[in-house]
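Hi,

Here is the structure I promised to pass on. Have a look, and my notes follow below.

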Amino acid sequence: MLCGLFLYLTSAINMYLFKTVQDYSNFLQHLDGDAASIGFVPTMGALHDGHLSLIEASREQNALTLCSIFVNPTQFNESTDLKKYPRTPAQDIEMLAAAGCDIIFMPSADEIYPPGVDLDSPIPPKGLVANMEGQFRPGHFEGVVQVVKRLLGIVQPARLYMGQKDYQQAAIIGWMLQSFELPVELVVCPIMREEDGLAMSSRNVRLDPDIRSRATLLYQTLSAVKERLNQESLEDLQAWAIANLSQKDFRPEYFDIVDGVSLQPLQDITPTDFVVACTAVWAGEVRLIDNMILQQNS
Ligand code: AMP
C-alpha cells in the first residue's frame, strides 16, 4: 500500500507527484525491477523545451523518468534573484505530463533541508569554482553541489541528466559523482536554442521585448569566436568578444576560453585541446549565460 501518494491524472496519462521524501521513499520501496533504472532530471521549474529535451533523453534510456522541481535557496547568492525567479508549477505539471514524465518530485525547502539536521555538503575544488560562475556568484556551486547530493540520495537514480547550458555546473557535478564514487551516470545534453540562437532559459521570459530581440548577441559572439579560433590568439578573441558583447543594454561579466575538463583559462591551444568558451552577460536586468564547445579532442 502506498501512503500519501498523489496520482496525477489527465485524460490518458498517469503520473506520480510526490511532495515529501517519505512518500517518495515508500513508493521506491514498492518498485521492483524498475527501480534499477530511474533517470533523474533536476530542475528549478518554469520549464521550457530545454528541460523537456532532458526528459526525452531520460525516457529513451530508463524505465522511469523523475523530474524534480525545487527552487533551491542555497544556490542563489542574491535574494532578489531568488524572489524574482519565475515559478509556474501548474504549467510545469501539464508540460511534464505531456512529455511522458513518470514522476514529479516537488518538495518544500523543509523537506530538502530538514530544520535542525546538518547535511554534509561536499566542497568543490577551488580549480573548478574559482572562475566564471564561481567567481561572479560566490557560494553558488556550494549550494548546487549540496542540493544535487541531497536529491540524489533521495531519488536514487541510475542516471542523472543535466544540460550543457550550465557547462561549469555539469563539470562540477561530474567531479562530485567521481570523487564520492556515487553509482550514477551523468548524461550531459546539448543546449536547446530559440530559432534566433538564444539559449532557452527560464529567465528569458523576464527579458524586455526590445532587449530580447537583440539577445541573440551571445550566440552570435560565441559562433564568431568559434569561426575565428585558429586565426587569432585567444587573448585577442577574448578581447574582441567582450567588446562585441558590450552594446547598449548588454554588459558582459566574463567571456572565458577554458579547458573543457579542468575549466582553467587557456593561453594557447593545440589541435588536440578540448576548448570551450563560456560567457555571462547582463541583458538589461536579466543575467544570461551561454557557452559553446569550440574544439573537442577525440
Ligand atoms: P534549471 O531549471 O535552470 O536549473 O535547469 C535544469 C536543467 O536543465 C539543468 O541541467 C540545465 O542545464 C538544463 N537546461 C537549462 N536550459 C537548457 C537548455 N536551453 N538546453 C538544454 N538544457 C537546459
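Which polar backbone atom is 2.9 Å from an oxygen atom of the ligand? One answer is a polar backbone atom of Met44. A polar backbone atom of Gly163 is also 2.9 Å from an oxygen atom of the ligand, and a nitrogen atom of the ligand is 2.9 Å from a polar backbone atom of Met200. Around the ligand there are 17 residues (a heavy atom within 4 Å), of which His51, Gly163, Asp166, Met192 and Met200 come nearest.

A word on the ground rules: this is a predicted model, with local features needing pLDDT of at least 70, side-chain atom pairs counting only at pLDDT 80 or more, and totals for chains, interfaces and linings using all residues. Residues are numbered from 1 along each chain as its sequence is written, and side-chain values use heavy atoms, without hydrogens and water.

Now the helices (DSSP runs of H or I, at least four residues, numbered from the N terminus). Helix α1 (residues 21–29) packs against helix α8 (residues 140–155) at about 40°, with the axes 9 Å apart; axes are lines fitted to C-alpha atoms over the stretch in contact, and angles run from 0 to 180 degrees between N-to-C directions. Val21, Tyr24 and Leu28 of α1 meet Arg150, Ile154 and Val155 of α8 (contact: heavy atoms within 4.5 Å).

The axes of α11 (residues 217–227) and α12 (residues 234–245) come within 10 Å and cross at roughly 160°, so these two are roughly antiparallel.

Best wishes

Definitions and conventions:
Angles under 35 degrees count as roughly parallel, over 145 as roughly antiparallel, 65 to 115 as roughly perpendicular and the rest as oblique. A polar contact is a pair of N or O atoms within 3.5 Å; within protein, one must be able to donate a hydrogen and the other to accept it, and residues adjacent in sequence count only if both atoms are side-chain atoms.
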